[in-house]
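Hi,

Here's the structure I promised to pass on.

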Amino acid sequence: MIKQIHILLTYKCILECDHCFVFSSPNAEGVFTFENLKELLYQIKRIKSIDTVYFEGGEPFLYYPLMVKGIEIAKNMGLKVGIVTNAYWAITPEDAKIYLEPLKDKIDDLSISSDKLHWDEEDYAQNAIKAAKEFNIPYSVISLEVPTPQMIKKRWKEKKKTIGGEGVIFKGRAVYRLSQGLPKKVWHEFTECLYEDLENPERVHIDPYGNIHICQGIIIGNFLKNELKEIFESYNPKSHPIIKPIIKGGPAELVKEYNLDCKGEYIDCCHLCFTARKMLMSKFKQFLCPENMYFDPAFQGNKFFIGYIPAEMKREVKFDIKEISEKDEREFVINMLKDIFGEIEFFEFNKWYNAGELDGFIGVVEKEYVGFALYKIEDNFMTLLTINVKENYRRMGIGSALLDKVKEVAKKNGLRFIRVPVSNDDLISYVFYLKNGFKLYDVDIGLCERRHGKELKGFFGLPLRDEFYLKWEPRREIKK
Ligand code: SF4
């Protein structure tokens, strides 16, 4: 029976903590509109078992007026109200008072995160605590320790069941950033979910997109599509494709059920669960979302990993590569090019190429088109115009498989070389082609600037100016 709703008011936060389950950061997107927040609270009110709502995120104080309004509505409905915050706003005791005074008599718990995982030097928790005391606001402090090998081994011994877990558990960003150097156990030992009651949940998290998370990233419905009451009343864990196996035998059962290729070693049940779920995302989109809950830091802003994939970030998915032949395949290519480049005609190697007229291959995952390669055979060589893979399907080998197909065509036709253009800011493609045997042989200085009439901002915020030309020669590779 659901008793508590945790409202993820926003995914945005001023911090980007290593242990964050939901990948919050200053760049994260997603915030409740006031209309949706009101709708959620009205739906909550219609469920008698719910007595408490928490406002959290992300950092809910970033949307202070929205949070305060939501709290007032919840309080008028007779609900208990809590907030989870990192207290970034309590810079001085006086500031803390300004933020907390309007909340006095409205808050039943102010949970303040205060630890080395959140803050290095500044930690404004003391100011927030002082102001909370002054206004008689009940408060608690969440203080987590940076995980150590001793801590992990102790937890293995205790094997304690605690809803929400104690300390850092390994889902979300913690998997990427905190798992290195910690002891691990073989996957089939994780036969139990220790941190959520999936059969009889008492609390859920609800995000700005309406998703109802029984555990972060495991969805049981969407309040913007169906009434919350109905979703809870019809909740059947035994018919949920992800929850059912976890209840039966923990994340290990999830791996067995779908025969997943992640039979390695993991720190805790969540580490295996998160890894397995990431592999199932494209199969169960409706149940494993939103994407930012599984988002690879590799794709965030300037944090691209170029030319290598850390072990924790490897993802595998079954895909097919086929020749572009159908109308809808061609449409997918054209639309994706328009999305990325805003055009389908490209001036490269001193001539024009129309993407709609080129040959190519397309990558397919479970009937979804996810990437493509476009090429043109010209006399005794080939121009490879571009290879693109949808962002959430990168690092799965699809780009390399597309390139292999293109190389096969070049070899079969006895072509002397494949040439490919790469703009000066596109470091990812540059490394990709170099790693696949291409060599730089020419640079058209200022081509991008001339083409666009001005210098544009490219990937990584780099100036988009020049075009690199790279070349791959089949005969050289065969000789090796
Ligand atoms: S094992 Fe899976 S379902 Fe259970 S708490 Fe960990 S991540 Fe959530």
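Below is what turned up, starting with the overall layout and ending at the ligand.

One thing to keep in mind: this is a predicted model.

Next, the cores. As a rule, nonpolar side chains in soluble globular proteins tend to be buried together. Here the largest nonpolar core has 87 residues. The residues with the most contacts inside that core are Ile 7, Leu 9, Val 53, Ala 128, Ile 206, Leu 272 and Cys 273. Helix H9 contributes the most to this core, giving seven residues. There's also a second, separate core of 37 residues, with Phe 332, Phe 361, Leu 385 and Phe 468 among them.

Leaving aside neighbours within four places in sequence, Leu 272 is in contact with Trp 187, Phe 190, Pro 251, Ala 252, Val 255 and Tyr 266.

Now the ligand. Which residues surround it? They are Lys 171, Cys 193, Tyr 195, Glu 196, Cys 215, Ile 218, Ile 246, Pro 251, Cys 269, Cys 270, Cys 273 and Phe 274. Two elements give two or more residues to this shell, helix H8 (243-257) and helix H9 (269-280). H9 has the largest share, four residues. By type, the shell divides into ten nonpolar residues, two charged and no polar ones.

Cheers

Definitions and conventions:
Residues numbered from 1 in each chain as written. Predicted model: local features only at pLDDT ≥ 70, side-chain atom pairs only at ≥ 80, totals over all residues. Near = placed C-beta within 6 Å. Nonpolar A, V, L, I, M, F, W, Y, C, P; charged D, E, K, R; others polar. Core = buried A, V, L, I, M, F, W, Y, C linked by C-beta atoms within 7 Å. Buried ≥ 20, exposed ≤ 12 C-beta atoms within 10 Å, placed from the backbone. Contact = placed C-beta atoms within 7 Å.
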